[in-house]
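Keep the structure open while you read.

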Amino acid sequence: MAESLKERTEKGLFWGGMNNGVQQLLGLAFGIILGRLLDPSDYGMTAMLAVFSVIANELQSSGFKTGLINLKEPKHDDYNAVFWFNILAGLFIYVVLWFCAPLIADYYHQPKLIPLSRYVFLGFVFSSFGIAQSAYLTKQMQIKQIAKCGMMATLISSIISVILAALDFGYWALATQYLMYIAVNTLLLWYFSPWRPTLSVTFEPIKRLFPFSVRIMFSAIFTQINTQVMNLLLGHYYGETNTGHYNQASQWSSKGYLLLGNMMKQVDQTVLVGLHDEKERQLAVLRKMVRFTAFISFPLLFGLGLVSHEFIVLAIKAKWAFAASLLPYLCFCGAFMPLSTLLTDAIISHKRSDIYLWSTLVLGILQIGLMVGLWRQGVLTMVMAYTLINIIWVFVWHFFVKRLMAYRLLDFLKDIVPFALAAAGVMVVTGFITHSIENLWLLLLSRVVIATILYYAVMRLAGTVILQECLTFIKKL
């Protein structure tokens, strides 16, 4: 019997959640080990290169994965053209960046970045071999297979990085972790995907996909610049140590919001595109996704912000205390990030990559201008401004979704505000109850347990439908 859309979506969310959950738990465990073995400057060295790597990745993939997913029935020639285009683009961009390595090192005033950048940039050459395979599995909603790839790649790459860090390889351990993750993930995508490229290739599909995909590409580039703007500017103005502290805080907050954001991203576009001709049902599905996202995101990120100091000091030592002071702000911002992801995917599902492009560009310009104007005020002020503008931009994304899907602002607020207020209230009460506890281990454990119990109790007393549906689904497993 064919699975219903609801069943396919539930399974996709489950395996997407499993994939990201395991990856984040592994990242948590190995991140603690690496944080103890490495210094802030080691993290700063790789963080300063992150923006160049992600831009090169987007240039190389050129948005064609999203283009394939948004085709109703992509053919072999579509996948084949994207496969060969990505490889040629990846090799070309790597050669260009090889010669740009000295310029990057000059920008950061750090000559050690020349060999490191040439090593790190191999990652998008490796990834170019797996983009078509990933698009195929995603389009077929074979999220379980994608999950296995990600979990195994995370485990293997993390083990290798810890071994290298223990052998005093410093920032080379982090660079190798990044490369090994991409290489192993790509190999496993080939193992699970039945699709194979052929030498008989026509680039006609590239021409058809290009108008849509190129806007996705530039939007993704601007999105990555927006995400990495702090690393880019802190590395230039404050050096690798302060960049390392920010990067460490950013990594911990991103583990929370990427857990949810990536889980939704693996199913939301496919589901929304499939409902394009059923407007009312499509809006109902989107609202349900928004409520589910808010139900998880706000308590998860607000909770991490609550325990940020004791968690960082206990997990990766007091040398990261400055990172701990930045983490609550990034967690507050991160609570809204999965909502932004969901809303932008809704825009893309309507083939309005132009809206995504120009809105992302404006956000990037505002962020860079604001950060450059504030850098003399210190790192904390820059982080607070970054947090504020990204929260505001959630409502910019909603404005465009409202125009495309008649999703009223009042309905959007009804879908997210109760969860935000409940989570914030729970954290305030938990903080008040535990503020006198001096032992950090006891403080951390008490806050986690009390906040979890209180949030569950509030949701249960409120008769929250999302909670009941989650419990029902879990019982089916």
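Start with helix α18 (residues 409-434) and α19, whose axes come within 9 Å and cross at roughly 140 degrees. Keep in mind that you're looking at a predicted model. Angles over 145 degrees would count as roughly antiparallel, but this pair crosses at roughly 140 degrees, so α18 and α19 are oblique to each other. As for handedness, α18 passes α19 in a right-handed crossing.

Which residues do the touching? On the α18 side you'll find F419, A422, A423, V426, M427, V429, T430, G431, I433 and T434. Facing them from α19 are L443, S446, R447, I450, A451, L454, Y455, V458 and M459. Sort the residues of this contact by class and you get 14 nonpolar, four polar and one charged.

Now stay with α19 and bring in another partner. Helix α13 (residues 308-316) and helix α19 (residues 440-461) have axes that come within 9 Å and cross at roughly 125 degrees. That angle makes α13 oblique to α19. Is this crossing left-handed or right-handed? Here α13 passes α19 in a left-handed crossing.

To see the contact itself, pick out E310, F311, V313 and L314 in α13. They belong to a contact with L440, W441, L443, L444 and R447 in α19. By class, seven residues of this contact are nonpolar, none are polar and two are charged.

Next, follow α13 to α14. Their axes come within 8 Å and cross at roughly 140 degrees, which makes α13 oblique to α14 as well. The crossing of α13 and α14 is right-handed. In α13, the residues involved are S308, H309 and I312, and they meet A324, L327 and P328 in α14. This contact has four nonpolar and two polar residues, with no charged ones.

So much for packing; what about the gaps? Rolling a probe the size of a water molecule over the atoms shows where empty space is left. For this model, the count comes to two cavities of 30 Å³ or more. Let's look into the second largest cavity, which holds about 80 Å³ of space.

Which residues line the second largest cavity? They are T227, Y246, S250, S253, Y257, L330, C333, G334, M337 and Y386. Two elements give two or more residues each to this lining: α10 (204-265) and α14 (321-334). Of the elements, α10 gives the most, with five residues. By class, the lining of the second largest cavity has six nonpolar and four polar residues, and no charged residues.

Conventions:
Residues numbered from 1 in each chain as written. Predicted model: local features only at pLDDT ≥ 70, side-chain atom pairs only at ≥ 80, totals over all residues. Heavy atoms only, no water. 1 Å grid on protein atoms, 1.4 Å probe; cavity = no way out; pocket = protein on both sides within 12 Å on 5 of 7 lines; lining within 4 Å. Points joined across faces, edges and corners; volume = space filled by probe spheres on them. Helix = DSSP H or I, 4+ residues; strand = E, 2+ residues; numbered from the N terminus. Nonpolar A, V, L, I, M, F, W, Y, C, P; charged D, E, K, R; others polar. Axes fitted to C-alpha atoms, helices over the stretch in contact; angles between N-to-C directions. Parallel < 35°, antiparallel > 145°, perpendicular 65-115°, else oblique. Left-handed = near helix turned anticlockwise from the far one by under 90°. Contact = heavy atoms within 4.5 Å.
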